[in-house]
Amino acid sequence: RAVQKPAILAPAGSKPSFLAALAAGADAVYCGLKSFSARMEAQNFSLEELASLTALAHGKGTRVFVTLNTLLKPDELEDVGRLLDQLGRHVGPDGVIVQDLAMAALVRQTGFAGEVHWSTLANVSFPAALKLVAETLPVTSVVLPRELTVDEMKAVAAACPPSINLETFIHGALCYGVS
């Protein structure tokens, strides 16, 4: 499997940070909406705000990924289904980043055609997990946990099925939770 050139995927929690990522030449931007985003302390975006920023990004050849990476509760399924439908129709991001099994299924049930990235929050941290992900989830990429060493990442990469791309953070806070 050929190694791809690394891409810069920049976080954006506000309009100024989104525009800064574009100005700096990021290959892609990831950001959250005002709901169903694990970074609720960020300003995040309404669908309307994100639609115009996504159009601007796409005009510059920059991809946009939306984080829908919270754990869902049963009473939220209908709301998130509507949100996914609106996201696909009105914003048109290149993909979504998810961590909940229900969200992964809902993405496709609503007809969202973009990529589905399995969040670092889902903690795919050992090689055998990739086979399970590839066989059971509509996922195109897996974001490796920040806690992995370089050798652990190499072992996961060696076991990675061809249908899955791997992503990793090269900078950022070591933030994770255990419950």
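Reply: The radius of gyration is taken over C-alpha atoms, and the globule rule is 2.2 Å times the number of residues to the power 0.38. For the 179 residues here, that rule gives a value near 16 Å for a compact globule, and the protein chain agrees because its own value is 16 Å. This is a predicted model, in which local features need pLDDT of at least 70 and side-chain atom pairs count only at pLDDT 80 or more, while totals for chains, interfaces and linings use all residues. Residues are numbered from 1 along each chain as its sequence is written, and side-chain values use heavy atoms, with hydrogens and water left out.

The protein chain contains six helices and seven strands (DSSP runs numbered from the N terminus: helices are H or I of at least four residues, strands E of at least two). From the N terminus, their order is β-α-β-α-β-α-β-α-β-α-β-α-β. Buried residues (under 20% relative accessible area, 1.4 Å probe, protein chains only) make up 42% of the 179 residues.

A nonpolar core is a set of buried Ala, Val, Leu, Ile, Met, Phe, Trp, Tyr and Cys residues joined through side-chain atoms within 4.5 Å. The largest such core has 46 residues, and Phe-18 and Leu-68 touch the most other members. Helix H3, residues 77-91, gives the most to this core, with five residues.

Leaving aside neighbours within four places in sequence, Phe-18 is in contact (heavy atoms within 4.5 Å) with Ala-12, Val-29, Cys-31, Phe-45, Leu-50, Leu-53, Thr-54, Ala-57 and Val-64.

Technical notes
Buried means under 20% relative accessible area, exposed over 50%, partly exposed in between (1.4 Å probe, protein chains only).
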